[in-house]
Amino acid sequence: MAIVQLLTEIEENNYTGDYKIIYMAPVKALCSERLAEWYPKFTRLGLLCIEVTGDTDVDFPQLKPYRIIITTPEKWDMLTRRWKDHRALVEMIKLFLIDEVHILNDETRGPVLEAVVSRMKTVEASAQSSHRIEQLQRQQEGHIITSSPPPIRFVAVSATVSNPDDVATWLGTRERPAVFYKFGDECRPVRLRRIVEGYPCPAGASIFKFDIILNYKIWPIIQRYHNGKPTLIFCNTRKSVLLTAETLSKELTVSFSQEQKAKLMEIASRIKTKKIQSLILAGVGCHHAGLLYEERQTIEDAFRNRKLPILITTTTLAMGVNLPAHLVIVKNTQQYVNGTYQEYSISTILQMVGRAGRPQFDTEATAVIMTRLADKARYEALVGGCEPLQSYLHKRIAENLNSEAALSTVCDVAQCVQWLNSTFFSVRAARDPKRYLGLPSTAPAHQISKKIEELCVKAMNGLATAGLITMDEVSCIESTDAGRLMSVYYLDLETMKLIMKIDGSESLEQLLWLVCESHELSEMHLRVDERRCLNLLNRNKAASTIRFPMRGKISTRQMKSNCVIQAILGCLPILDPSLNQEATKIIRIAERVCKCLVAYMTRPDIQKGRYFSAVLNSLILSKCVCAHLWEHSPYMSKQLRGIGPTISGLLATAGKVNFTLIEESHPRDLERIMNKAPPAGNMLRKQVSLLPKYTFKLSPLSPRTVRVQLMLLNAAFLAENLDHLTAGANHKCSIIAGDSDNYILYFSTFKDSDLVSVYDGCITFEITRLHNHEHKIMVHCISSNFGMF
């Protein structure tokens with residue numbers, strides 16, 4: 001409705017400028033759902049929609065044709081950390097929609113949403129300021145003054161916020177206070193009955209044991225409340241989902257008609273996992289992130305279309321896909337977080353409970369919360385009301401302050417305080433100073449302001465100590481190279497500190513361990529059922545294993561990440577479906593960390609030190625992680641368009657282990673190897689011919705100096721086909737030279753297009769020994785991705 005209203009205003013006011021609409025949701029599943037719904041609707045009006053999430057590699061220039069951008073807080077935060085480089089495009093934003101705004105209550109994701117919205121308010125203030133300066137100049141020159149551009153309109157929605165007034169205070173300004181609306185249960189289209197069931201849990205008993213006990217209490221609850229309609233059960237872990245499903249499938253006493261059985265058979269036939277298949281035939285579906293995307297889609301559609309009577313899922317479904325049910329059961333009110341069990345937040349409980357009730361089918365619905373007897377009264381009181389949204393920005397203030405310093409929007413303490421006062425944190429700190437600032441609840445405003453200033457100074461001192469900003473005697477701050485890289489590559493403070501500890505002698509294996517230690521991979525917990533698969537990848541006499549095996553059994557999340565990355569680079573099959581799903585996320589994060597690592601290691605001030613080994617290996621590791629292959633992999637053809645793991649395996653088996661051998665092969669031979677019809681072989685050779693072919697020659701000039709010539713052998717051919725290069729227009733190669741004492745003697749990077757157009761396919765330079773004439777000179781040419789390994 002907000003989008004339609006904006007379009008109406010644009011038409012009525014004859015607005016001819018460009019504009020953008022941002023829709024932000026906490027999970028990719030919700031973004032995909034919105035894209036599927038909106039794309040056909042708005043395309044008819046000439047408004048193109050695009051989904052920009054962690055799965056999409058999109059930058060600002062590519063967003064220019066699109067009017068509606070559907071994204072997540074993390075992705076938009078990453079993009080807007082460079083908004084000043086794309087000011088014109090960002091200032092086109094007229095409407096900013098925030099779905100599920102209650103994620104402010106999430107310790108990890110809440111601060112990201114706060115930072116993003118506050119940054120958009122900064123963008124708006126910057127646009128208004130620029131317009132005022134422009135109008136002043138026009139007035140002085142005697143030109144007509146035009147009206148100021150319309151400000152960004154923010155619309156935030158949630159089903160579980162008890163303090164929308166605080167959110168409104170944050171989103172609004174003194175000149176334009178935000179309006180908020182609060183709706184009670186009486187506005188629900190389906191009347192919801194909430195029931196809390198308490199079960200005895202002996203003192204000292206593990207939560208895991210209590211969870212198993214609850215499995216045997218679910219069927220009586222379903223019998224009592226389901227009324228022959230769909231039931232949705234929320235569990236705290238993937239393992240709990242499977243155990244609950246197995247127990248329930250044995251207890252079900254429902255008999256299906258022949259038609260129902262046929263539907264269940266048809267659903268099961270599209271599922272690859274045998275265990276999930278058998279459960280579906282019993283009428284019970286499972287849904288969690290460990291399943292293949294196609295399997296999750298099949299199960300969601302079956303439940304949505306009432307072909308599957310019971311669906312058991314993890315809590316993530318409550319935040320994402322819209323799958324309402326007549327009966328919702330929350331099994332257990334505790335979840336496993338970072339090694340300990342914690343109570344669900346009440347907003348998470350209410351999100352799950354809110355899935356009960358389907359307006360098109362029901363007039364009433366039921367939600368049952370299963371908890372410990374000792375907690376029954378507390379949950380009965382909580383489901384009647386709701387806890388207020390809190391801010392957690394103060395726990396991530398260093399990272400967010402660093403990104404603002406890198407943008408130069410914060411240059412001193414006063415601006416830092418001003419920035420913090422634009423956040424949800426400042427609204428909540430004023431309401432509850434004891435919780436956030438350790439001050440009495442009656443503390444006056446000046447005391448709160450002073451405490452916020454102290455918080456800013458402490459964060460700035462921490463960043464200065466870490467070498468991410470410089471600070472002079474009057475507390476004016478400026479971002480360092482490390483600080484800017486941390487912001488651009490969206491890294492955590494602890495990860496950047498790890499990178500900054502590199503001493504220069506690190507091997508490829510050591511740098512891989514550094515990537516696996518990064519805080520970005522801390523959510524990749526090691527699950528018990530993954531250990532067997534990981535240990536076989538690590539050490540196995542009967543099959544290929546990883547390049548750098550680890551001692552002992554896989555026992556930490558760092559070892560898990562290391563094993564998964566090496567398995568991908570070695571093209572080893574990861575047989576566990578859940579682990580295979582997670583592998584995609586692990587390698588994507590590793591790519592980002594590796595790119596930052598290379599950028600940090602190749603900055604100008606490092607190029608005369610004893611860092612040759614670390615720089616060389618960081619370049620190799622980044623190349624390998626981006627290409628998903630080790631540097632001498634026989635499967636390098638996998639990088640080519642249309643060549644997947646199967647065909648690259650066939651080519652490698654036939655001895656076609658590098659690009660030169662492929663290009664020298666007869667097209668019909670290639671087609672026979674790949675089991676493909678003509679002209680597949682010709683097309684493959686054409687792709688290879690459009691890759692850069694580097695060579696370099698060393699010529700001694702004196703005992704201390706050597707001349708290096710880097711040549712692009714097929715420069716003329718590439719010049720004729722610049723728009724069709726296999727490796728893309730931005731492909732480049734790096735030349736690094738060092739000596740046997742680990743000193744860097746030379747480093748430079750060249751784009752293929754520059755080697756073709758600027759240097760005519762050949763560049764010459766000289767390298768001089770620094771110290772001992774006995775030291776060997778080593779020169780390496782490394783392409784950024786494709787190229788000859």
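These are my notebook entries on what I looked up in this predicted model.

**Entry 1: the whole chain**

I started with the overall picture. The chain holds 33 helices and 21 strands. Along the principal axes, I found that its C-alpha atoms fill a box of roughly 90 × 75 × 60 Å. Next I looked up the radius of gyration, which is 30 Å for the chain. A compact globule with 789 residues would have a value near 28 Å, so the two agree.

How much of the chain counts as buried? I got 51% of the 789 residues. I also checked contacts between residues at least 6 apart in sequence, and 70% of them join residues at least 24 apart.

**Entry 2: an open sheet**

Here I followed the strands. Five of them make an open sheet in the order β2-β3-β1-β4-β5, and the pairing is parallel. Which strands sit at the edges? They are β2 and β5 (153-156), since each pairs on one side only. From one strand to the next, the twist averages 15°.

Then I turned to β3 and its partners. Strand β1 (residues 20-24) runs parallel to β3, and four bridges join them. In that pairing, I70 of β3 is the bridge partner of Y23. On the β2 side, β3 again pairs in the parallel sense, over four bridges. There, E51 stands opposite I70. I liked meeting I70 in both pairings.

Which way do the residues of β3 point? I68 and I70 point one way, while I69 and T71 point the other way. I noted that all four are buried.

Helix α2 (residues 28-43) lies across β1, β2, β3 and β4. Its direction is at about 170° to β2.

**Entry 3: salt bridges**

A reminder to myself before counting: side chains of opposite charge can pair when their charged atoms come close. How many salt bridges are there? The count comes to 39.

In the first, the side chains of D59 and R82 meet with N to O at 3.2 Å. D59 is in the loop between β2 (49-52) and β3 (68-71), and R82 is in the loop between α3 (73-80) and α4 (87-90), so this pair ties together parts 23 residues apart in sequence. I found D59 to be partly exposed, at 27% relative accessibility.

In the second, E74 and R109 form a salt bridge at 2.9 Å, N to O. This pair links distant parts of the chain, with E74 in helix α3 and R109 in the loop between β4 (93-98) and α5 (110-140), 35 residues apart. E74 has 21% relative accessibility and counts as partly exposed. I had to check that one, because buried means under 20%.

In the third, the closest N and O atoms of R191 and E364 are 2.7 Å apart. R191 belongs to strand β6 (residues 191-199) and E364 to strand β13 (residues 364-372), and the two residues are 173 apart in the chain. Is R191 buried or exposed? It is exposed, with a relative accessible area of 56%.

**Entry 4: nonpolar cores**

Another reminder: in soluble globular proteins, nonpolar side chains tend to be buried together. I looked up the largest nonpolar core, which has 88 residues. Which members touch the most others? They are M496 and I574. Helix α26 (residues 577-601) gives the most to this core, with 13 residues.

I then listed the neighbours of M496, leaving out residues up to four places away in sequence. M496 touches L468, A482, M486, L491, C596 and Y600.

There is a second, separate core of 61 residues. Its members include L192, I207, I218 and I221.

**Entry 5: an enclosed helix**

How values were computed: Residues numbered from 1 in each chain as written. Predicted model: local features only at pLDDT ≥ 70, side-chain atom pairs only at ≥ 80, totals over all residues. Heavy atoms only, no water. Salt bridge = Lys/Arg side-chain N within 4 Å of Asp/Glu carboxyl O. Buried < 20%, exposed > 50% of the residue type's maximum accessible area, 1.4 Å probe, protein only. Core = buried A, V, L, I, M, F, W, Y, C linked by side-chain atoms within 4.5 Å. Contact = heavy atoms within 4.5 Å. Pairing = 2+ DSSP bridges. Axes fitted to C-alpha atoms, helices over the stretch in contact; angles between N-to-C directions. Rg over C-alpha atoms; globule rule 2.2 N^0.38 Å.
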